[in-house]
Each structure stands twice: as C-alpha cells, then as structure tokens.
Amino acid sequence: MSTLEILFYALSAFAIISAIMVLVSKNPIYSVLWLILVFFAISGHYVLLNAQFLAIVNIIVYAGAIMVLFLFVIMLVNVKQNSEPQKQMLVKFIGVLSGGSFLLLLVALVKQTVQLQEQNVLLKDGTIGLIHPLGKALFTDYVVPFEISSVLFLSAMVGAVIIGKK
Amino acid sequence: MTILSFDWAFVVEKLIMIAIIVFASLGIALYTTFGERKVAAILQDRPGPSRAGPFGLLQPLADGLKLIMKEEIIPTHANKWLFILGPGLAMTASLMSCAVIPWGTPIHVFGRTVELQIADINIGILYVFAVVSMGVYGIMIGGWASNNKFSLMSALRAASQAISYELAMGLALIALLMTTGSLSLKTIVEQQVTGHWWNIVYQPLGFFIFFVCAMAECNRTPFDLPEAENELNFGYHQEYSSMKLGFYLFAEYINMIMSSAIMASMYFGGYDLPFFDETTVAPNIAAMIGVGTLLIKIVLFIFLFMWIRWTIPRFRYDQLMNLGWKTMIPLALFNMLLTGALILAKL
C-alpha cells in the first residue's frame with residue numbers, strides 16, 4: 001500500500017464514521033459538529049486529488065458558513081434531546097422504503113463502475129484542480145453556465161435584502 | 001515497502017519549524033498581554049504592572065501561574081465535552097493560521113535549504129480564511145455549552161459579527177489579489193521585495209477595510225461586543241475558569257499576532273527591509289534580518305491595535321452591523337471596481 005492509499009482509506013473511514021454519527025446522534029448540536037467533520041474528510045479527499053482550491057472552498061463555504069447558520073438556528077430554537085415528535089408507523093415505513101430504494105440506486109451506480117476499474121485517469125500534469133486552470137476553464141469554456149448561476153445568486157441576494165427590509 | 005518512502009529529513013525539518021513557530025507565538029502572546037497593560041497604563045497616565053521583576057517583566061508569568069493554579073469549575077448543567085472542546089478549538093484555530101506565513105528568505109543549514117515557512121500552498125490566503133471561519137466555532141460551542149443565557153447571546157453576537165466582517169474582508173482581499181495575481185503569500189511578499197513599491201501604495205483603501213475587518217475578527221475594541229461587560233456580564237467565556245479561560249484570552253492575542261503578520265505580509269512587504277539590498281549579505285544573515293523586520297512590523301501593528309483599543313469606546317450593536325453591511329461592504333465593492341478599472345486602463 002502506498003501512502004496515498006493509506007490516506008485514502010483513512011479519510012474514507014473517517015468520513016463514513018462521521019456521517020453515521022450525524023445520523024445516530026440524539027443531540028442536534030452533535031449532529032452538526034459531526035457533519036463539519038464529514039466536510040473536513042471530503043476536503044481531505046479533494047487535497048489527495050490535488051484540487052486544493054475546491055478543498056479550501058468546501059471548508060470555507062460548507063464547514064465555515066453554512067454550518068454556522070445551522071448551529072445558529074439550532075441554538076436559538078433550542079431543540080431539546082427528546083422533544084422531537086414521535087413519528088407514526090406509516091411515515092417510518094415510507095421512510096425506510098424510500099431510503100432503501102435510494103440505496104439500491106447507489107449500489108447499482110457503484111456496480112456500473114466495475115468496468116472502469118482497470119482504466120487509469122488521464123491527469124495530464126496534475127494541475128487541473130489548481131486555481132489557474134480552474135479559473136481559465138470557468139471563464140472561457142463554461143462562461144455561460146457560470147454567469148447564469150451568478151445571476152441566480154444575485155436574485156437570491158436581492159430577495160433576501162427585500163425580505164430583510166420589511 | 002513503499003509506505004515510508006518519503007524524505008524524513010523534510011518531515012523533521014517541518015516539525016521543528018512548527019514547534020518553533022508555535023512556541024514563539026505563545027511566548028509573544030504572553031508578552032503581548034504585558035504590552036497591553038503597559039500601553040494602557042501609559043495612555044491612562046499611570047505606571048501599570050511594576051512589582052513582579054524588573055519593570056514588572058515577570059508579570060505575565062505570574063498571571064499565567066495564577067490562571068493554571070485556579071480551581072477549574074465546570075457548571076453542573078453545562079455540556080461537559082463541548083465545554084472543554086470550545087477553548088481548545090479557539091486556540092487550535094488561531095495557531096493554525098501561522099502555517100502559511102512566510103517568515104523570511106530561505107536559510108542554509110547542514111547543506112539543506114530550509115524555507116522559513118511551514119507550507120507554501122497554492123491557496124495561501126484562502127487557507128487563512130478557512131481557519132478564521134473555524135475560529136467562530138470555538139466561541140459558539142463554548143458559549144452554548146456553558147448553558148448560560150449571557151454566554152449564548154454573546155456567542156451569537158460574536159458569530160454574526162465574524163460572518164458580517166468576513167465578507168468585507170474577502171472583498172478587500174479580491175482587490176489585492178487582482179493586482180498580485182497570486183494567492184500564495186510567499187509569491188505576494190516576493191513581488192513586493194523585487195518590485196518597487198509595497199502593496200499599500202496600490203491598495204490604500206483595501207488595506208483600511210482589511211484592517212478594520214481584522215480588528216472586528218479579533219474581537220478587539222471598538223468591536224468587542226461579544227465581551228460587552230455592561231450588557232452581557234463578561235461574554236461568551238463567563239462560565240469559564242482557570243486555564244480554559246486563559247485559552248480563550250490567549251487565543252485573542254494570538255489572533256492579533258497572526259492578523260498583524262498577515263497584514264504585514266500582504267500590504268507592507270512582509271520580511272522586506274526597505275532601502276536595503278538583501279543580496280549584499282550572506283543568505284543566512286539576510287534571512288535573520290528578514291525575520292527581525294517582520295517581527296518589528298508585527299509589533300508595530302499590535303501597538304496600533306492597543307492604541308485604538310484604549311482610545312475609542314465600543315460601538316453599539318446596531319452601529320456595528322450598520323458599519324459592516326452598509327459602509328464596509330459597499331466601500332470594498334467600490335475599491336474592487338476601482339482596482340479593476342485601473343488595471344484595465346493600464347493595459
């Protein structure tokens with residue numbers, strides 16, 4: 001096993017265990033904190049792929065900003081450990097069914113990648129995840145989708161300002 | 001076995017670097033508390049700490065000893081794990097930002113060229129940003145786990161303040177990055193060493209915005225709303241005692257040192273001594289001069305922080321938010337547009 005593989009398996013185990021802890025934690029604050037660890041593990045994977053920019057933006061945006069807002073809401077509404085209302089049997093059953101079928105879908109997708117196992121990824125010089133190639137790709141090849149998504153964000157911001165002014 | 005096939009000397013070198021920088025920052029932070037009290041004393045026309053040792057120089061050690069010896073109290077209804085995690089996170093986050101600061105030109109030891117920087121990564125500045133946004137968790141978790149209304153209120157204030165001012169800070173930074181064309185702190189400093197001017201000449205407004213936001217991020221007066229004693233008793237660390245309290249207070253001073261180092265590197269040439277050609281002396285001596293220059297710049301910035309703290313009263317909370325959202329962000333956007341227009345006009 002190479003260093004890369006060891007790191008890959010360690011990070012994967014870290015991510016999966018943290019993700020399970022998000023689900024089984026009774027206290028919502030703990031869930032949020034475990035979720036932050038999941039984001040860190042995923043950022044670690046990005047670093048292994050030499051996508052430093054993606055890794056750090058993942059931490060700034062998801063772990064840094066969005067999760068702070070989650071914590072804000074949970075702390076302010078003060079969700080108690082057992083105050084979550086008990087769900088009915090039918091709702092639980094539907095939940096299990098939909099979750100199970102989604103799992104099936106994922107397993108099917110993973111199975112399709114078996115044929116890719118023997119193939120190597122063509123990385124050229126490995127700089128594709130760094131800022132310069134990324135910025136070039138975003139502002140030349142993908143400029144239209146990039147601008148459209150920025151307009152989407154702008155409209156969301158304007159909406160937030162208008163709601164805030166009321 | 002290919003597991004261990006990397007350069008172990010490199011690992012040892014980096015570990016030594018990390019140890020030196022962490023302990024040096026702790027030492028400087030220790031004496032910054034002393035400096036803070038002395039500066040306050042001078043500004044208020046009184047002698048300040050003078051009993052412990054010559055000129056009171058042993059005062060920080062006495063303070064530290066006092067904090068360690070005090071009884072540690074964890075409130076009954078506090079969440080024990082998170083209560084302990086809070087100060088640890090605050091401290092870790094503030095120490096982590098030192099990883100990308102270039103402290104000087106490379107030195108030559110035992111035939112090796114040693115970079116005086118822990119990691120020169122492609123995304124240096126963004127790394128600092130990520131670490132700063134992690135620092136908020138230390139305060140939020142500590143404030144919530146204390147199970148005290150005042151602590152929680154103050155933690156929420158601290159978090160919303162940090163988020164608000166991070167935006168303006170990022171926008172001020174974008175203008176700087178437009179002129180430098182690189183995110184690596186090392187490259188930014190090297191450009192200033194070899195170029196004619198420091199970045200402050202090109203980005204005076206950007207520096208002003210960055211400085212104000214850095215003060216807000218460090219929770220320094222006039223932005224120390226999270227610690228407003230007269231409304232919130234003591235702030236997010238109200239329930240803390242002993243060294244856990246010490247960690248929170250220490251983290252604030254380390255944040256101050258790190259933000260001074262980052263401002264010095266980005267706008268004031270980093271380890272560059274003006275009007276002095278580093279190539280005329282031996283590389284090791286040049287590196288030492290560089291480290292000394294950067295340290296002097298850091299001390300000057302810290303003095304500026306203290307001077308402002310003991311001169312200006314604190315804002316009201318709505319004033320703080322108005323300043324952040326309605327003054328700083330539009331100003332930073334204007335600075336960005338201006339920089340863009342100037343870059344275009346030059347072409």
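1. Basis. This is a predicted model, in which local features need pLDDT of at least 70, side-chain atom pairs count only at pLDDT 80 or more, and totals for chains, interfaces and linings use all residues. Residues are numbered from 1 along each chain as its sequence is written, while chains are lettered from A and ligands numbered from 1 in the order in which they are written.

2. Elements of chain B. Chain B has 12 helices and two strands. These are DSSP runs numbered from the N terminus: helices are H or I with at least four residues, strands E with at least two. The order from the N terminus is α-α-α-β-β-α-α-α-α-α-α-α-α-α.

3. Overall shape. Along the principal axes, the C-alpha atoms of chain B fill a box of roughly 60 × 55 × 50 Å.

4. Burial and contacts. In chain B, 44% of the 347 residues are buried (20 or more other C-beta atoms within 10 Å of the residue's own, with C-beta atoms placed from the backbone). Of the chain B contacts with a separation of 6 or more, 80% join residues 24 or more positions apart. Contact means C-beta atoms, placed from the backbone, within 7 Å.

5. Core. The largest nonpolar core holds 105 residues (buried Ala, Val, Leu, Ile, Met, Phe, Trp, Tyr and Cys joined through C-beta atoms within 7 Å). Helix 4 of chain B, residues 124-145, gives the most to this core, with 16 residues. A172(B) and C213(B) have the most contacts inside the core. Beyond four places in sequence, C213(B) touches Y165(B), A168(B), M169(B), A172(B) and M328(B).

Definitions and conventions:
A residue is buried if 20 or more other C-beta atoms lie within 10 Å of its own, exposed if 12 or fewer, and partly exposed in between; C-beta atoms are placed from the backbone. Two residues are in contact if their C-beta atoms, placed from the backbone, lie within 7 Å.
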